[in-house]
Each structure stands twice: as structure tokens, then as C-alpha cells.
Amino acid sequence: MLCCSGTMNNSGDYHIAKDIPRRRHPPGREGDRLHHNQQRLLTIEGSEAKSMSSCSTDVKENRNLDNLFSKEGVAAAAAQLPNGSGGGGRKRPLEEGNNGHAHSKYRPKKRKKVLGPILPKNALMQLNEIKPGLQYKILSQTGPVHAPVFVMTVEVNGQLFEGSGPTKKKAKLNAAEKALRSFVQFPNASEAHMAMGRTLSVHTDFTSDQADFPDMLFNAFETSIPADDPFYLASISNGSFKSFGIEYPLLPSHVPNLGQALLPLVPSPFISPTSGKNPVMILNELRPGLKYDFVSESGESHAKNFVMSVSVDAQSFQGSGRNKKLAKARAAQAALSALFNMQLDQAPSSQPIPREGLQLHLPQVLADAVSRLVVDKFSELTDNFSSPHSRRKVLAGVVMTTGTDVKDAEVICVSTGTKCINGEYMSDRGLALNDCHAEIVARRSLIRYLYSQLEHFLSNQEEKQQTSVFTRCENRQGFRLKGNVQFHLYISTSPCGDARIFSPHEAGMEDQGDRHPNRKARGQLRTKIESGEGTIPVRSTNTIQTWDGVLQGERLLTMSCSDKIARWNVVGLQGSLMSYFTEAIYFSSIILGSLYHADHLSRAMYQRITEIEDLPQSFNLNRPLLTGISNSEARQPGKAPNFSVNWTVGDQGLELINATTGKDDLGRPSRLCKHALYSRWMRLHCKLSSTLRIKTVRPSSYHDAKQAAVEYHSAKHALFRAFHKAGLGAWVKKPIEQDQFAPGT
């Protein structure tokens, strides 16, 4: 090894002395000449050193040292010296405190890292990219101390994989390899094979048909996707409606049978959220230089909504979000989905659950459009949310579609509210609203709309008859909705009760299965509390509420919104009185603006009563589309306002109701109260007596009119039996006295 030190003489020349084994020079001129040549070789001109700053001199010195004493430099110098002899100068002692370097400002040069070949990721790394956050657990340790055998386990997609090895690390690697064999993410399949020591001998195009793929690629570690899986069926470019790979034919069909109508499966490249690239980056790689345009900004301060657009291949795509960055990402995702068949790999809990039956719209497109229509209508009714009546915790609304184009959708009603009536304000004449929760008020507004549509159908004006959503049944007994007319319920958050009993930030843990210790209590019937928010489970025994008991101070109980919507999915949203005129009417979709969880919502809406029996022929268990929206609403801490507002198409403005009294601030009854709706029913009953679906004498009271709807009540009692049989509790009814009023009272 060679060591060197340097000194600067009076003339400014920098001399460097090498630590070369000292040997005697040959006597005479030859020795002098060799000594002179060595000195010339190891001298740096002083003029250069003077012209540089001290820092630059240090850098130059180090650079020249590297050049001179690299392997090639030393070999060249040794070649010029016979017998490898060096100069005869004395070696300068090393200075202390500089790591053996003479100069006080010596800085070692950072050598550039030589880039070698990129090593393939092992199975553990590859699995962590596809499924981050997996937990590896040690199952056992066997064998002698000098040769142990560890067994590690990892759970992926609800399946347990075991791996063994002489160390925990190798056992984890073996378990990861087995898990990796069970599935494949198409974009990373080659890396997954490489991680397990396999290489593909052919070029694989992951956008081509599966038939073009080599068999060995999938046989090794891919589980084929079942044809009836509603979320992973491939999209088909035949002009039909599709979402998440599902084709929606314009004819009634059940989800499990959709695969029969589809073309052969085409694998769709799903983008993993952990791949490190968002949709904007991916789209920019495929189509560089795209420009995103700002379209609009709307919404309340706590729930802003921005819309951005991007043009790709002469097509325009829009995306919305709570900020512009999110809106850009969703516009890019829309383009990737339409042009390149790329979908974001959503967690199961956030995926839509398609409706059984007629599929007219793409779930996410429909959900976002319905949400935007309801919020925009509320903005219009409250002067862009500037009115004091715009304060709210929950917003609900019903949107009607009459075909396949969401652009033709119409907002039927809008409502807000989170409170119920105080027991002392109950009305025995049907003049007060008992439940002012937004979704309950929205349903009453929809019933009011249906009454007006029946009145239009019976009008002498042909134009009104044509615009009515009703048509006569074939047997001339009653009415039914015109074909393709659908109603969609939007709620800005999950309905109170069973659908909202979960931890939203721990919901992802339940995607592998609900392991909550209290999971057997899921689905329990719950009641709202008087003068408060939230719900409590019903008592194990039947609860009978009495009028005098409530007036004396017993809390008035009202069934939760989750339970009421489940009831509508059996008996229909039209109620018992409207069933005199029409068949059962069901919501086609239930769309949530926040706190959407597929498992909890589906259980609350219909899954907990799938064992229902003995339903009359004209009723069924409705399974609507359940989905959230792209731009979820933010949580609004604070006290909820004590009022509820409602509006139905045709109204001049909002009606304001005090939720405590169930009437307006002047004590006047609401246009949605039982008395107002019963009066409209009586007028229609007189006009349609010859074509009623239920033949009965003129009822003397509101209660008698409801009880005469025998099939409706039969379906309702079948629902109550299903709840009781499942151990979910008994339905709590209001005091009977509140329904015993006549139209003239």
C-alpha cells in the first residue's frame, strides 16, 4: 500500500512524497536523471495552486492524488523506474488530528456508487406490495438446537398459508411464496414468478386475452376468478352498460346468472393502490402532456366539491372530489377505465353491491350523479347554502330516473333533520310529524309526490296524463309505475341504527371476515331516543307504549332508520294507504354520502331478514343497489339543529318544521302529516272506487283504512316474525290512539 504526504515550497510548487521502499540509486548521471524524472512526475505547478481557493486546492489535490495513485497510475510510474525504485526524499511525519492526512481541511472524496443489475424482489417483498400490512405469526419450533425448524403462518384473503425453514426469515419467505402462488396481480405477474425463481421464456402481454397467455404462467399460482363474481367480471366493449366488469343488460336478470350472458372472461389489469403510482401518473405515462381543466366548484364549506376534466384521444372525462387534486385523479381514473380497461382495486367494504333485477346504470356513475343532483337542489333552495335553514347534519333526497341516461334524472324531494318529536307533543288528530329524520321525511315527501301523480293521471288534461309516472294495470285493477321508472334514495350518511354500528377507521380489518366479539348482536332492532340522537337496542321482551304513559314521562321510542328502510324493502315505500291504488313500490338504489360499508349496510337493509317466509304474492324482499359516492362527506361535529326542512317537486320553497313539536314555528301542521296525506287519499278513494285493488266499505277512521289493507299487513307481520325468528328483537309500535282520527276532525 502506498502512503503520501505533500508540502508546498517557497516558489508555490506542491511536492508530494510517496512512501516507496527506499533503495540506493545507481551512481553517476543515470541515477541523477532518474531522480530528476521522478521529481517532475510528482510536481504540481504552483501557478495553478495559487489561482485556486483553498477549498478548490484541496479538491484538486485529492483528485490528482486519486489519478496518480490509482492502480494504473502506480503501474505507469513503476514502469519508468528500473527495479521499481523510488525517490530519495525523506518521508514527512504525519500530522495529528487529521486522520493521518497532512492538510487540515482534508475531505475524503465521495465515490460514486457503481450501479449493478437490479436484483429481483423476493416473494416476501412482492407479497407485501400486493397485500401490505400482513402479519406473520410463528406456529411452532421443532428440531435440535443446532438445527431448528421454524413454521410461520400468514393469512391472505381469509386463507392461512404455512412456511417452514431453518430460520424464521426463511420460514416467512416460504409462507409468502405459497401465498403468492394462490393469486396473481396481472401487472406484476412476471415479478412474482421471478421472485420464486422462475422466469418467463416468452414475452407476456398482460392486456391480451387469456387464451394468448402461456399455460405455465397461470397454472403455477393463479386461482381463476369465478364467472359469477360481480366485481371482477371483465368489461365488454359491445355498447352495453358495465361497471367493475359487470355487463348490465336491459332485461331482468339476477347477479349470479349474469355470467351466462357474458362473453369469455378478459382479465382486467387492476391498479393496486400500493403500486406507488396514482391514476394521473399512470395516464401521463400512457398519454404524456395532457392538460387538466377546472370545470366547477360547488357544495357547502364542509363538503366542497370540485370538478376537473381531461381530454384523451378526443374524448372528455370528468372527475369530482373534495379538492382539485382528488378531482384530477378521478378524471384520470375515468379515462383509464374507459380507454385502457384499468380499474382501481377497491377494498371489498367500499365496493358497490349491485341490485338484483333490472340494471340500467353504472353504479358509481349513478351514485355520484344522484348525490350531485340532491346537493345542487338543496343549494338552490337555500340561496347557495347562505340561508339559516341550510344548517343540517343529515341531508336526504329522492331522485327519479326514467331510462338509461342519468342526465334525464329528476330530483323529486329534498329533506334534512335528525330529531324526533317530544312525547308531550303527540297529536291524536294526525297533525304532527313523529319522526323528522331526513330519510323518513324524504319518504313521506315521495308519497306526497305519488298522490299528485295519481291526480295527474285522473286529470281531464291530456298533457298531465302523459306526464304521470303511473299507468293502469292490465287487469284494470289499480295502477303501476311506467316501465324503467326508478326511485333512488340518497342519504348524506349511513342511516341510524344497525347500518351505522361499526368503526369506520377499522372497517378494513373486517374485509377478511367480521371477528368482533359482539358480532352475534349485529342486526339487532334499535330505537331512537326522545330528545336525543343515536339509538339503543330494543328490549328482549315486547315493549308496549301507551298514550298516558308517554304523557306522564315515559320516553317515546321510535324505530331506527335502518329498521324502517328494511321494512320498506319488504312492504314497499308506498305505505298501507297507497297500496289501495298501486302495487308495491321499492327503491332501486340506496346511496350514502359517507360511512358506507358494504357488509354492514347490506345486513341492515335486507341480509338479516333473508329467511322471511309467507310473503303475499305481490310483495318480495327487495335488494336495491347499495353504494357510496366518490367524494365522501366530511364528519360534522357539533350539535344538530332542532329543525327539519322538506321540499317536493312543485313546491315554491322549503317547509320548516320544529322537530320537537312536529309542526312549524306557528303551530301549523306540516303538509306531510298523517292528516294531510289521509285527506288526499280520501279524495282519490272516492274517484277510484271502481278500480281499487282493495274492495272495502268507506273506512270511518285513519286506523280502519290502514287495517283494511290486508295483504300489506300480512307482509308486515311476516317481517316482524323474521326479525323475531332471527333473535333480533320485537318491533316497537306507537300508542294506538294516534291513528284513531277521522278526516273531519
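## A tour of the salt bridges

Begin by selecting Arg608 and Asp563, whose side chains meet in a salt bridge with a nitrogen-to-oxygen distance of 2.7 Å. Because Arg608 lies in the loop between α17 (598-605) and β23 (625-628) while Asp563 belongs to helix α15 (residues 561-571), the pair ties together parts that are 45 residues apart in sequence. Show the surface around the pair, and you will find that both Arg608 and Asp563 are buried. Keep in mind along the way that this is a predicted model.

Next, select Asp739 and Lys674, which form a salt bridge through their side chains at 2.8 Å, N to O. Here Asp739 sits in the segment after α20 (710-725) and Lys674 in helix α18 (residues 674-687), so this contact ties together parts that are 65 residues apart in sequence. Both Asp739 and Lys674 are buried.

Now move to Arg287 and Asp313, where the side chains meet in a salt bridge at 3.0 Å, N to O. This pair links distant parts of the chain, with Arg287 in the loop between α9 (279-286) and β10 (292-298) and Asp313 in the loop between β11 (305-312) and β12 (315-321), 26 residues apart.

The structure as a whole holds 16 salt bridges, and side chains of opposite charge can pair when their charged atoms come close.

Definitions and conventions: Residues numbered from 1 in each chain as written. Predicted model: local features only at pLDDT ≥ 70, side-chain atom pairs only at ≥ 80, totals over all residues. Heavy atoms only, no water. Salt bridge = Lys/Arg side-chain N within 4 Å of Asp/Glu carboxyl O. Helix = DSSP H or I, 4+ residues; strand = E, 2+ residues; numbered from the N terminus. Buried < 20%, exposed > 50% of the residue type's maximum accessible area, 1.4 Å probe, protein only.
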